[in-house]
Amino acid sequence: MLRLVPALLCTSLLLTGCGGTSEDPDTAPSAGTEDSSQPAEAVPPPLKKGAERRTKQMLRLRKLAEQAASELPENTIPDFGGPVLGADMSWPQCPPGMGIPQKRSRGAPLPLDAARYVVIGLTNGPGLTPNPCLADQVRLVRDRKLLAAAYAVASYPDAAALARDGREGPYDGSDPLGALANAGYQQALYNVASMTHAGLVTPVLWIDVEPVPDFEWSTDTVANAAVVQGAARGYTDSGLRVGVYSTPSLWAGVVGNLSLGVPEWRAAGQTSREEATSRCGADWVIQGGEAVLGQWVEQGRDQNITCPGVHRNLGRWFHQY
């Protein structure tokens with residue numbers, strides 16, 4: 001059996017996390033095939049076939065992202081002196097009717113004016129389906145001069161994606177687990193392309209690991225873990241730090257006892273700010289990483305609060321527009 005964790009850690013899985021949806025975290029978002037009604041700007045240029053060409057494209061995307069970041073003002077973020085309120089948004093906040101058939105947007109409420117940061121979702125549910133209004137959401141964050149980060153849902157590849165992407169990546173595609181890891185890797189590259197295309201800059205990429213209705217994970221947690229490990233490596237190979245978004249029970253249900261040891265964004269569902277803050281504690285560790293954000297759903301919005309001490313170094317987690 002292919003052992004993927006050591007190989008992944010050798011690529012320096014540093015720091016980060018991921019974001020949720022405006023649904024309860026114990027229910028999950030999903031998607032399927034891309035829909036032709038999406039605006040062209042929402043869809044990044046397709047990834048080229050062939051391992052060598054994909055590697056060159058990944059390096060090009062990384063260079064473009066680094067160039068864009070270097071042209072922005074210095075990422076200096078003040079200390080707010082205590083816990084900082086924020087939000088996350090993705091395809092549910094797009095104007096009604098956009099996206100893939102299984103995950104049509106519904107015009108959910110945008111972040112509160114009091115939010116100081118927004119974590120923007122890159123996917124329309126599962127991997128390889130772009131948030132149909134990503135560019136507009138990036139513009140909103142820029143116009144409000146908010147702090148920004150990004151998250152993306154990881155999902156199990158269908159047969160077509162596995163056949164196409166299983167041999168494209170840094171893992172041995174002849175091994176079933178290696179093929180799954182390569183499929184996760186390609187999901188990551190696709191999301192990096194989406195992010196770059198939309199002009200979104202972030203120091204970290206949060207990987208959302210939870211059930212994805214209509215696009216279910218397999219019943220094999222080892223196989224699912226391979227997909228997540230491949231995605232994490234795809235982001236780190238693209239120059240991003242990573243972290244995870246989930247709950248302990250959802251994480252274990254999808255990937256078993258996988259531990260990446262990366263920072264965590266912890267969901268509390270339809271509860272309260274107080275409950276979300278409590279998720280920063282040791283009782284809610286997902287996979288062995290430090291707590292960065294707690295999330296709860298209130299007033300139809302995904303709201304977030306920084307965990308104790310995080311406000312002292314927000315530049316580690318967000319880009320200032």
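Of the 321 residues in the protein, 57% count as buried, meaning under 20% relative accessible area with a 1.4 Å probe and protein chains only. The model is a predicted one, so local features need pLDDT of at least 70 and side-chain atom pairs count only at pLDDT 80 or more, while totals for chains, interfaces and linings use all residues. Residues are numbered from 1 along each chain as its sequence is written, and side-chain values use heavy atoms, with hydrogens and water left out.

The protein has eight helices and nine strands, taken as DSSP runs (H or I, at least four residues, for helices; E, at least two, for strands) and numbered from the N terminus. Among contacts (heavy atoms within 4.5 Å) with a separation of 6 or more, 79% come from residues 24 or more positions apart.

Now to strand S6 (residues 264–267), which is covered on both faces: Glu264 and Arg266 are buried on one side, Trp265 and Ala267 on the other. In a regular strand, side chains alternate between the two faces of the sheet. S6 pairs with strand S5 (residues 241–246) in the parallel sense over three bridges, where pairing takes at least two DSSP bridges. Arg266 in S6 is the bridge partner of Ser246. Strand S7 (residues 291–298) also runs parallel to S6, joined by four bridges, and here Trp265 has Leu293 as its bridge partner.

As for helices, Thr221, Asn224, Ala225 and Val228 in H6 meet Trp251, Ala252, Gly253, Val254 and Val255 in H7.

Definitions and conventions
Buried means under 20% relative accessible area, exposed over 50%, partly exposed in between (1.4 Å probe, protein chains only).
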